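Hello,

Here is the structure I promised to pass on to you. Please have a look at it, and then read on for what turned up.

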Amino acid sequence: MADLRFFDPHAHMTSRTTDDYERMSKAGVRAVIEPAFWLGQPRTNVGSFVDYYSTLVGWERFRASQFGIAHYCAIGLNSKEANDEGLAREVLEILPRFALKEGVVAIGEIGYDEITPAEEKAYQWQLQFAKDNDMVVMVHSPHRDKKRGIIRSLDVAKEVGIDMEKLVIDHNNEETLESVLDAGAWAAFTIYPNTKMGSQRMVDLTKKYGPDRFIVDSSCDWGVSDPLSVPKTAQMMLDQGLDVEAVEKTTWRNAVTAYGYSGQIDVEGIHQDATIDQRQLFSDNSVLRGQEARVDDGVPN
Ligand SMILES: [Zn+2]
């Protein structure tokens, strides 16, 4: 797998360590997208969102760069916290300040959790914002009642007039992917080590449906998840006879194409080996804790 590189377009890196960044970089992960989501417990004021979004476009982007990984993000109000309607209103007010910043490739992750009217209101508002600003949309699908949630997500996106080329529906499974493909949107799959969607099922689905609209990601959040899900799934695809092109599409090119519509991805740059200069600082901070800085102009992978 020496010459393959990977794009993990759904990776919650703020909940991950520098060891994870190192392992990902070694395994060939060249770029990630970190979507804004909830943090395991509800935030109580809008300032927490301001700081979180600032981290996604600031410190985390820097931290990734120190390990040779290009970091992009998606800005959005997640479905769970959309149910706190007073707070949701305040978050949507400040959201445009961050959504148009450098390195933001989509509005996301947005959509449904319990499929409530409050979630729908926030989803619609953010779709309209994405449409008005010609942005890509990353949709989170609910863990319960997934199929109904996905069909509703697609219907509402169509009503708002989102271009299906710019719509990525995430966390798909065998039951939902056909609705997404039929609609003409991108079908993303989050590969977990033990539950939900796994690598073997992803291999089987790619054999059955072909790789053209599929995107593989890891989520790698604060729960049980694996930051190496994308390279591991790629290896399993190769081992089980899928060709390099299918692997390359599902673990690199489709994500670059879909999120590339944002105009924010340095497509040429991520095709090159990364340059690392750990002497750099972000607001006077480095990741080094006093250890010697690594400086090189190409990460072998
Ligand atoms: Zn997520």
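Gly-161 counts as partly exposed because its relative accessibility is 37%; buried means under 20% relative accessible area, exposed over 50%, and partly exposed in between, with a 1.4 Å probe and protein chains only. Gly-161 sits in the loop that links helix H7 (146–160) to strand E6 (167–169). Helices (H or I, at least four residues) and strands (E, at least two) are DSSP runs, numbered from the N terminus. From Gly-161 to Ala-185 there are 24 residues in sequence and 13 Å in space, C-alpha to C-alpha.

Before going further, a note on the source: this is a predicted model, in which local features need pLDDT of at least 70 and side-chain atom pairs count only at pLDDT 80 or more, while totals for chains, interfaces and linings use all residues. Residues are numbered from 1 along each chain as its sequence is written, and side-chain values use heavy atoms, with hydrogens and water left out.

Now the chain as a whole. It contains twelve helices and ten strands, and its C-alpha atoms fill a box of roughly 50 × 50 × 35 Å along the principal axes. Of the 301 residues, 56% are buried. Contact means heavy atoms within 4.5 Å; among contacts with a separation of 6 or more, 73% are between residues 24 or more positions apart.

What about the inside? A nonpolar core is a set of buried Ala, Val, Leu, Ile, Met, Phe, Trp, Tyr and Cys residues joined through side-chain atoms within 4.5 Å. The largest one has 78 residues, and Tyr-53, Ile-75, Leu-127, Leu-167 and Phe-189 have the most contacts inside it. Helix H5 (residues 85–99) gives the largest share of this core, eight residues. A second, separate core has 21 residues, including Tyr-72, Ala-74, Val-136 and Trp-186. Leaving aside residues up to four places away in sequence, Leu-167 touches Val-137, Val-139, Leu-154, Ala-157, Ile-162, Ala-185 and Trp-186.

H5 deserves a look of its own. Its buried residues are Leu-87, Ala-88, Val-91, Leu-92, Ile-94, Leu-95, Phe-98 and Ala-99. In an α-helix there are 3.6 residues a turn, so residues three or four places apart point the same way. The buried residues of H5 pack against helix H2 (46–57), strand E3 (70–75), helix H4 (79–82), strand E4 (104–111) and helix H6 (117–132). H5 also has a kink of about 35° at Glu-93, shortly before the proline Pro-96; the bend at a residue is the angle between axes fitted to the seven residues ending there and the seven starting there.

Gly-108 and Glu-109 are joined by a cis peptide bond, with omega about -10°, and Glu-109 lies in strand E4. In the loop between E4 and H6 you will find Ile-115, whose phi is positive, near 60°, although this residue is not a glycine. Ile-115 counts as buried because its relative accessibility is 18%. Asp-134, another residue that is not a glycine, has a positive phi of about 55° and is in the loop between H6 and strand E5 (137–140).

Enjoy exploring!
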